[in-house]
Amino acid sequence: MSFDWMKIPYSLLTLFIVVNYGFLLNALIQKIGARAGRRYGIPIWQNYVDMIKNYGLRSSITHGAMFYLGPVFRLSGGVGLLLFVPTIYGSYMFSNLSFAGDLILALYFIFFGTLGMALGAGESGHPHAAIGVSRGLAQVSTAELPFALAVFAVALQYQTLSVTEIVAAQQGGFMQWTLFTNPLAVAAAMLGFLGSMMRPPFDVVIAPQEIPIGPPTEYHSSYLALMQTNRAIFPIAKIVIYMNLFFGGASDWPTFFFKVFLIYLWSAFVGVVFPRFRVEQSIRWFLIWAVPLGILSIIFV
Amino acid sequence: MKDELKIRVVKGPDGVEFEVEPLKDYYCEAAPTVMPAAYIKVVEDLFNWARSESIWILGFGTGCGAIEMRPLMTPRFDAYRFGVQWRPTPRQANLFVISGYLSTKTLKRAIRSYEQMQNPKYVIGLGSCTINGGMYWDSYNTIKRLDDYLPVDLYIAGCMPRPEALLAGFQDMKKLIRAGKAEGANLYAENFEWYKANQKRVIHDWDMPDYNW
């Protein structure tokens with residue numbers, strides 16, 4: 001088997017573009033949220049400054065080995081998720097490792113970062129971190145249910161688990177998108193999407209006023225900067241999966257930027273309208289509204 | 001000393017008994033050290049610029065001045081556009097705003113919060129009470145000069161200063177940080193003995209390690 005060395009710089013280029021786009025997009029979404037509250041909002045480059053500041057702090061303390069590994073796991077979850085799906089469909093440069101991984105692996109990677117965070121935050125020993133992690137795992141698990149059901153519906157529909165083939169099946173006009181060929185699955189997945197974006201009404205995991213910021217309570221300086229980097233990568237990587245499965249993928253970067261922005265805006269749009277759910281409310285909400293949609297989508301397929 | 005801080009024997013879930021000394025086991029007692037700046041001046045300048053443009057405030061209101069910080073998050077003043085944000089945990093915060101009078105009971109918590117912040121860290125004294133006691137100049141349980149207990153970088157005078165004054169104070173703070181003059185954390189480490197002596201003079205029920213981070 002021959003290894004294609006040119007894939008490495010291309011993957012790094014993908015990562016570079018996505019990190020920068022993620023930083024800017026996060027700030028933009030925060031700005032949109034602020035404008036909805038009639039504030040001016042943060043400068044668009046604020047996330048970069050925060051990251052440099054956090055890397056530049058002089059002291060940092062540790063709580064043990066898992067405390068180091070938590071942010072690393074989280075970052076590898078984001079990067080792995082990004083690299084195993086085709087970022088740009090049909091492009092040799094930006095398809096990365098998409099030949100090797102299938103949907104199941106992507107589903108695993110989505111959960112991987114959360115688990116790493118749970119271990120790291122558990123090691124920090126702060127009670128707020130433990131509460132935040134237990135809430136987060138409960139909520140993400142139920143939010144994953146409708147998404148997983150939708151993924152199975154899509155896999156059944158196209159008779160394949162390969163993301164690339166699913167995107168290929170959706171080419172040729174927007175009426176070929178899963179959005180129109182299987183609207184129930186998309187609806188279930190988009191409801192599940194809300195649950196994992198850390199925005200209201202499902203942001204009780206970090207609940208800044210109640211359990212000070214939850215899992216990352218003890219994280220600071222470089223650890224926090226690493227997690228900030230992941231906060232730029234992970235949502236984008238996740239949205240790329242949604243885009244590939246349900247919205248026809250993207251065959252060039254402008255389309256990619258536009259579609260990712262619109263999908264991200266969906267969570268911000270819901271977030272500025274609705275107040276925060278408690279954990280048991282959000283779990284109930286997912287089980288009552290999102291999961292039946294996912295089951296229906298499988299039945300219809 | 002409180003009961004929960006005394007040395008005690010604990011039985012673990014696996015049946016093994018072991019001794020717990022809370023002050024030693026639950027806290028790190030190593031004294032603070034002076035942290036040097038980055039070796040290359042350009043790097044330190046870049047960090048200082050980033051520190052000045054990304055000030056994370058510890059959301060801890062001590063006195064009546066806390067009410068002046070809340071409007072800064074609202075549409076009218078909106079400090080977020082200047083790179084000022086509030087963080088709920090001392091680990092992630094860089095700036096500690098002592099907002100108004102500080103009773104000796106609150107001082108204890110303020111010290112613990114300050115020591116958990118990471119170097120470099122800054123302190124702003126808000127209101128006259130932090131400068132000379134203000135209207136509490138003859139009170140028996142508030143401290144008079146904040147600078148005796150924590151290294152203050154900047155005072156914002158007034159009783160109470162309006163949110164605009166706080167915004168102006170943040171801008172001055174940025175200039176100090178960018179010029180590399182806000183080295184309060186190192187000052188605290190250098191004069192650690194002096195600060196501790198001052199703190200212990202007013203806090204009579206001292207039941208924590210000397211330095212807990």
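Trainee: At what angle do helix H3 (residues 65-83) of chain A and H9(A) pack, and how far apart are their axes?
Mentor: This is a predicted model. In it, H3(A) and H9(A) pack at an angle of about 25 degrees, and their axes are 8 Å apart.
Trainee: Roughly parallel or roughly antiparallel, then?
Mentor: Angles under 35 degrees count as roughly parallel, and H3(A) and H9(A) are therefore roughly parallel to each other.
Trainee: And is the crossing left-handed or right-handed?
Mentor: The crossing of H3(A) and H9(A) is left-handed.
Trainee: Which residues make the contact?
Mentor: H3(A) contributes Pro71(A), Arg74(A), Leu75(A), Gly77(A), Gly78(A), Val79(A), Leu81(A) and Leu82(A). From H9(A), the residues include Tyr223(A), Leu226(A), Met227(A), Ile233(A), Phe234(A) and Lys238(A).
Trainee: How does that contact divide by class?
Mentor: The contact of H3(A) with H9(A) has 12 nonpolar, four polar and two charged residues.
Trainee: Stepping back, how many helices and strands are there in chain A?
Mentor: Chain A has 11 helices and zero strands.
Trainee: How does its radius of gyration compare with the globule rule?
Mentor: The radius of gyration of chain A is 19 Å, close to the 19 Å that the globule rule gives for 301 residues, so chain A is as compact as a globular protein of that length. Along the principal axes, its C-alpha atoms fill a box of roughly 55 × 50 × 40 Å.
Trainee: What percentage of chain A is buried?
Mentor: Buried residues account for 49% of the 301 residues in chain A. As for contacts in chain A with a separation of 6 or more, 80% of them come from residues 24 or more positions apart.
Trainee: Now the interface. How many residues of chain A are in contact with chain B?
Mentor: There are 28 residues of chain A in contact with 20 residues of chain B. On the side of chain A that touches chain B, helix H2 (46-55) and helix H9 (221-246) of chain A are the elements giving two or more residues. The largest share, five residues, comes from H2(A).
Trainee: What is the class make-up of that side of chain A?
Mentor: Its residues divide into 13 nonpolar, nine polar and six charged.
Trainee: One more, in chain B: is Trp194(B) buried or exposed?
Mentor: Trp194(B) lies in helix H8 (residues 192-202) of chain B. Trp194(B) has 11 other C-beta atoms within 10 Å; a residue is exposed if that count is 12 or fewer, so Trp194(B) is exposed.

Technical notes:
Residues are numbered from 1 along each chain as its sequence is written. Chains are lettered from A and ligands numbered from 1 in the order in which they are written. This is a predicted model: local features need pLDDT of at least 70, side-chain atom pairs count only at pLDDT 80 or more; totals for chains, interfaces and linings use all residues. Helices (H or I, at least four residues) and strands (E, at least two) are DSSP runs, numbered from the N terminus. The radius of gyration is taken over C-alpha atoms; the globule rule is 2.2 Å times the number of residues to the power 0.38. A residue is buried if 20 or more other C-beta atoms lie within 10 Å of its own, exposed if 12 or fewer, and partly exposed in between; C-beta atoms are placed from the backbone. Two residues are in contact if their C-beta atoms, placed from the backbone, lie within 7 Å. Ala, Val, Leu, Ile, Met, Phe, Trp, Tyr, Cys and Pro count as nonpolar, Asp, Glu, Lys and Arg as charged, and the others, Gly among them, as polar. Axes are lines fitted to C-alpha atoms, for helices over the stretch in contact, and angles run from 0 to 180 degrees between N-to-C directions. Angles under 35 degrees count as roughly parallel, over 145 as roughly antiparallel, 65 to 115 as roughly perpendicular and the rest as oblique. A crossing is left-handed if the near helix is turned anticlockwise from the far one by less than a right angle, and right-handed if clockwise.
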